[in-house]
Amino acid sequence: PSRSEITYFGAGPALLPTDVLETAAQALLDYNGTGLGIAEHSHRSELATNIINEAKADLATYLDIPSADYEVIFMQAGGTGEFAASVYNLVGAWVARQHAALLQANPGGDEATIVASLRQKVESDLKLDYIVTGSWSLKAYQEAIRLVGPEYVNLVVDARTANDGKFGKIPDQSTWKLSKDAALVYYCDNETVDGVEFPEFPAVLAPKADGTGPIVVADMSSNILSRRIPVTNYSLLFFGAQKNLGSTGVTVAVLKKSFLPPTTVQPSAPLLRKLGLPIPPIILQYEIIAKNNSLYNTLSILDVYIAGQVLKKLLKTYPDKVDGQQAVSAKKAELIYGALEAHPEAYKIVPDKSVRSRMNICFRITKNGTIDESEKAFLKEATSIGLTGLKGHRSVGGIRASNYNSIPLEGAEKLAQFINTFAKT
Ligand code: PLP
């Protein structure tokens with residue numbers, strides 16, 4: 001089929017706006033009449049710096065990120081790389097804070113004694129908190145255990161325990177077991193595989209009136225740019241580009257500047273070694289990437305350019321920025337869930353209604369014969385009318401309609417209509 005004949009509901013990499021791809025295709029051949037394509041220009045050139053700075057500024061405008069307090073950096077290790085980067089950097093920041101406090105309490109104290117006290121402090125107090133509500137936060141939790149060891153990692157909640165061993169609900173926040181002064185509290189805002197999305201910022205993690213509160217880290221890989229987020233509640237949020245932002249190849253971290261020098265300096269490798277803590281690869285150290293405006297090493301400027309074009313399109317389409325997209329995202333999700341709910345004899349929506357994702361709509365088909373046969377028939381018929389990419393993640397099966405920003409309203413309407421017709425036939 002031709003591009004215009006299909007609506008692609010794949011979970012990522014996701015559909016990109018055709019006009020953005022056309023602009024990028026031209027830029028790939030010849031960027032702005034320079035005779036060189038965007039992927040050939042040096043990442044050290046002025047034009048590359050301009051592309052980075054514009055994309056950062058447009059992201060900040062669209063999401064209302066206060067640039068005085070937050071740094072936006074482009075990285076390359078994907079969401080998975082950020083599972084590790086968040087551990088390294090925020091454990092480093094925690095150690096740096098304890099170290100500074102010990103130095104202040106013991107002016108002139110000898111280094112060996114300070115390091116011994118620091119080591120004791122690490123062993124007794126270091127905790128990383130993980131809220132596990134689906135496959136991706138589970139992976140991040142497992143990565144933290146692998147990097148620092150299980151003794152330092154606290155499972156705040158495992159959502160499966162409240163739902164027959166499966167993801168699909170978020171247990172009441174009053175049951176969450178948060179540590180005191182954790183180096184970070186981690187959660188995934190939208191679980192791409194399981195179709196579970198936090199309906200709003202978890203109230204129990206909100207900052208107190210005096211501005212203090214937990215150090216919150218969120219993975220927003222699959223719902224960023226689709227709704228307003230309370231940016232200042234986060235110390236770090238990150239997302240791969242390949243769902244709502246652009247093409248695979250860049251990952252964005254939005255980091256509170258108080259975690260960067262001169263406020264916090266990451267502990268040196270020898271100190272971490274003495275403390276028995278892991279040493280971050282330099283490419284995952286936020287302060288290094290931030291100091292170099294994301295150009296510590298070679299960055300894919302093509303991918304930053306595509307992300308920048310998507311942001312420009314969003315800003316042009318929605319004068320009220322992310323709020324405009326939020327309304328459209330809600331409408332599209334309502335259409336699809338509405339069609340599914342209208343036929344309870346045929347469809348079973350996987351997650352609980354309270355945490356249904358607007359981005360990844362997961363359901364099973366129970367009509368006629370086995371689930372397996374019904375789902376195969378659904379996928380086949382959908383594909384025949386140009387609705388593609390609907391197969392659920394291989395780990396959970398079923399159907400998953402990824403309803404990212406690039407799915408037009410008409411695409412969601414077409415899917416809702418098909419859901420109706422399929423149930424009736
Ligand atoms: N986090 C979420 C919510 C995701 O959906 C994904 C990938 O689909 C990842 C993390 C992992 O991202 P990557 O493949 O870029 O490492």
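This is a predicted model: local features need pLDDT of at least 70, side-chain atom pairs count only at pLDDT 80 or more; totals for chains, interfaces and linings use all residues.
Seven strands make up an open sheet with mixed pairing, and their order is β2-β10-β9-β8-β5-β3-β4. At the edges you will find β2 (70-75) and β4 (153-158); each has a single partner strand, so one side of each is left without a neighbour in the sheet. If you follow the strand directions, neighbours are turned by 15 degrees against each other on average, with direction ignored.

A helix belongs in this picture too. Helix α5, residues 135-148, packs on the sheet and touches β3, β4, β5 and β8 (216-219). The direction of α5 makes about 155 degrees with that of β3.

Finally, step back to the whole chain, which is divided into domain 1 (49-305) and domain 2 (321-424). Taken over C-alpha atoms, the centres of domain 1 and domain 2 are separated by 32 Å. Domain 1 brings 23 residues to the contact, and domain 2 brings 24 residues. On the side of domain 1 that touches domain 2, α2 (46-63) and β7 (196-197) each supply at least two residues. Helix α2 gives the most to that side, with three residues. And what is the class make-up of the side of domain 1 that touches domain 2? It has seven nonpolar, 10 polar and six charged residues.

Conventions. Residues are numbered from 1 along each chain as its sequence is written. Domain bounds come from an automatic or database domain assignment. Two residues are in contact if their C-beta atoms, placed from the backbone, lie within 7 Å. Helices (H or I, at least four residues) and strands (E, at least two) are DSSP runs, numbered from the N terminus. Ala, Val, Leu, Ile, Met, Phe, Trp, Tyr, Cys and Pro count as nonpolar, Asp, Glu, Lys and Arg as charged, and the others, Gly among them, as polar. Two strands pair if DSSP finds at least two bridges between them. Axes are lines fitted to C-alpha atoms, for helices over the stretch in contact, and angles run from 0 to 180 degrees between N-to-C directions.
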